[in-house]
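Here is a friendly briefing to read with the model open beside you. Take it topic by topic, and look up each part as you go.

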Amino acid sequence: MHIPDGFIDIPTSTAFAALAGAGVAMSLKGARSSLDDKTAPLAGLTATFIFAVQMLNFPVAAGTSGHLLGGALAAVLVGPFTATLSLTVVLLMQGLLFADGGLTAIGLNVFNMGIIGVWVGYASFLLIQKIFSGRKATVPIAAALGGFLSVPAAAVGFVIQYAIGGTGTFSVTAVFTAMFGTHILIGIGEAIITGLAVGAVMASRSDLVYGFKNKKVALEIRK
Amino acid sequence: MKSRNFYISALFVTLALAGGASYYASSSPDGLEKVATDIGFIDQAKPHTNSDGALADYGVKGVDNERLSVGVAGVVGVLATGAVSGGLFFLIRRKSAK
């Protein structure tokens with residue numbers, strides 16, 4: 001999912017870098033209310049865990065692999081604003097240290113994985129938890145379903161960027177069909193990992209889980 | 001679970017995943033790479049600015065043992081991500097009143 005340099009032209013990449021920058025600035029402000037002495041360590045751990053698990057590509061179909069994006073996972077554990085910041089740190093590390101994700105594409109990648117993935121994952125989680133009447137036992141399931149939906153959503157982010165400023169001359173419909181189909185499959189892996197990780201934290205320290213303890217916040221956002 | 005035990009176990013799992021399990025990760029192209037290859041725009045990709053970096057592509061330059069190379073890269077990545085994100089979240093957190 002990490003876009004390299006060259007797939008999307010510079011003007012489009014720059015525009016998305018500005019959008020992503022605005023999203024990160026808003027998140028820096030928004031994250032403050034959920035970060036305190038108790039939750040800041042979990043936020044650091046979440047970013048670190050996502051970095052580690054993003055290294056673990058799993059096979060999804062003949063000759064194709066996928067890896068966790070982690071947007072829904074982070075949003076459920078530490079809240080959506082802190083999740084965007086976590087994904088941004090992970091993407092910066094990957095681009096700067098590991099040559100993964102182009103440096104001119106950093107805004108595109110933060111936008112798709114750190115903003116679309118986070119918010120689609122979190123909104124889906126809230127909606128599904130509402131259907132389950134906010135029960136504790138369903139938090140990992142709702143997180144898994146949010147994770148599942150976040151992956152094709154982030155893939156659609158790429159398709160939009162390709163439609164605006166793709167350097168390839170191939171049809172957007174073809175890119176959409178291929179991206180969406182492949183990432184639905186990767187979403188299944190995302191769901192499993194997200195469900196297991198959220199389940200493990202819920203079982204040991206449910207008091208730290210943003211998507212569980214902040215039910216009130218969740219209700220207000222929904223209005 | 002006590003906070004201390006929780007964080008120590010979680011950090012251990014994270015290091016084991018990045019430092020050990022990463023060796024077994026699939027090396028097939030990821031979703032976007034595969035789509036770009038199948039459709040034909042993979043050639044538009046430019047080499048990464050840091051493709052000669054010491055840790056490029058999750059391997060330590062000059063280390064031939066694949067298991068060691070990816071494992072050390074993973075551990076360095078975990079420590080670097082932990083330091084940067086932990087530092088950021090520590091800085092922007094609400095200070096608790098004494």
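Chain A has 9 helices and 2 strands, where helices (H or I, at least four residues) and strands (E, at least two) are DSSP runs numbered from the N terminus. This is a predicted model, in which local features need pLDDT of at least 70 and side-chain atom pairs count only at pLDDT 80 or more, while totals for chains, interfaces and linings use all residues. Residues are numbered from 1 along each chain as its sequence is written, and chains are lettered from A and ligands numbered from 1 in the order in which they are written.

**Chain A as a whole**

- Along the sequence, the elements of chain A come in the order α-α-β-β-α-α-α-α-α-α-α.
- The C-alpha trace of chain A spans about 50 × 35 × 35 Å along its principal axes.
- The radius of gyration of chain A is 17 Å, which agrees with the value near 17 Å for a compact globule of 223 residues. This radius is taken over C-alpha atoms, and the globule rule is 2.2 Å times the number of residues to the power 0.38.
- In chain A, 61% of the 223 residues count as buried. A residue is buried if 20 or more other C-beta atoms lie within 10 Å of its own, exposed if 12 or fewer, and partly exposed in between, with C-beta atoms placed from the backbone.
- Of the contacts in chain A with a separation of 6 or more, 77% are between residues 24 or more positions apart. Two residues are in contact if their C-beta atoms, placed from the backbone, lie within 7 Å.

**A covered helix in chain A**

- How many residues of helix H3 (residues 71–78) of chain A are buried? The count is 8 of its 8 residues, so H3(A) is mostly covered.
- Among these buried residues are A:Gly71, A:Leu73, A:Val76 and A:Val78.
- The buried residues of H3(A) pack against H2, H4, helix H5 (106–131), H6, H7 and helix H8 (210–213) of chain A.
- Just after H3(A) comes A:Gly79, with a positive phi of about 95°.

- Helix H6 (residues 139–165) of chain A and H7(A) have axes that come within 6 Å and cross at roughly 150°. Axes are lines fitted to C-alpha atoms, for helices over the stretch in contact, and angles run from 0 to 180 degrees between N-to-C directions.
- That angle makes H6(A) roughly antiparallel to H7(A). Angles under 35 degrees count as roughly parallel, over 145 as roughly antiparallel, 65 to 115 as roughly perpendicular and the rest as oblique.
- The contact of H6(A) with H7(A) has 27 nonpolar, 7 polar and 1 charged residues. Here Ala, Val, Leu, Ile, Met, Phe, Trp, Tyr, Cys and Pro count as nonpolar, Asp, Glu, Lys and Arg as charged, and the others, Gly among them, as polar.

**Chain B as a whole**

- Chain B has 3 helices and 0 strands, in the pattern α-α-α.
- The radius of gyration of chain B is 18 Å, well over the 13 Å that the globule rule gives for 98 residues, so chain B is more spread out than a compact globule.
- The C-alpha atoms of chain B fill a box of roughly 60 × 30 × 25 Å along the principal axes.
- Of the 98 residues of chain B, 27% count as buried.
- Residues 24 or more positions apart make up 49% of the contacts in chain B with a separation of 6 or more.
- B:Ala16 sits in helix H1 (residues 3–19) of chain B and is partly exposed because it has 16 C-beta neighbours inside 10 Å.
- The C-alpha atoms of B:Ala16 and B:Val75 are 8.5 Å apart, although 59 residues separate them along the chain.

**Where the chains meet**

- The contact takes 57 residues from chain A and 51 residues from chain B.
- On the side of chain A that touches chain B, H2(A) gives the most, with 11 residues.
- By class, that side of chain A has 36 nonpolar, 16 polar and 5 charged residues.

- Most residues other than glycine have a negative phi.
- A:Ala99, in the loop between H4 and H5 of chain A, has a positive phi of about 55°.
- A:Ala99 is buried because 21 other C-beta atoms lie within 10 Å.
- B:Tyr58 has a positive phi near 55° and lies in the loop between helix H2 (31–39) and helix H3 (66–92) of chain B.
- B:Tyr58 is also buried, with 23 other C-beta atoms within 10 Å.
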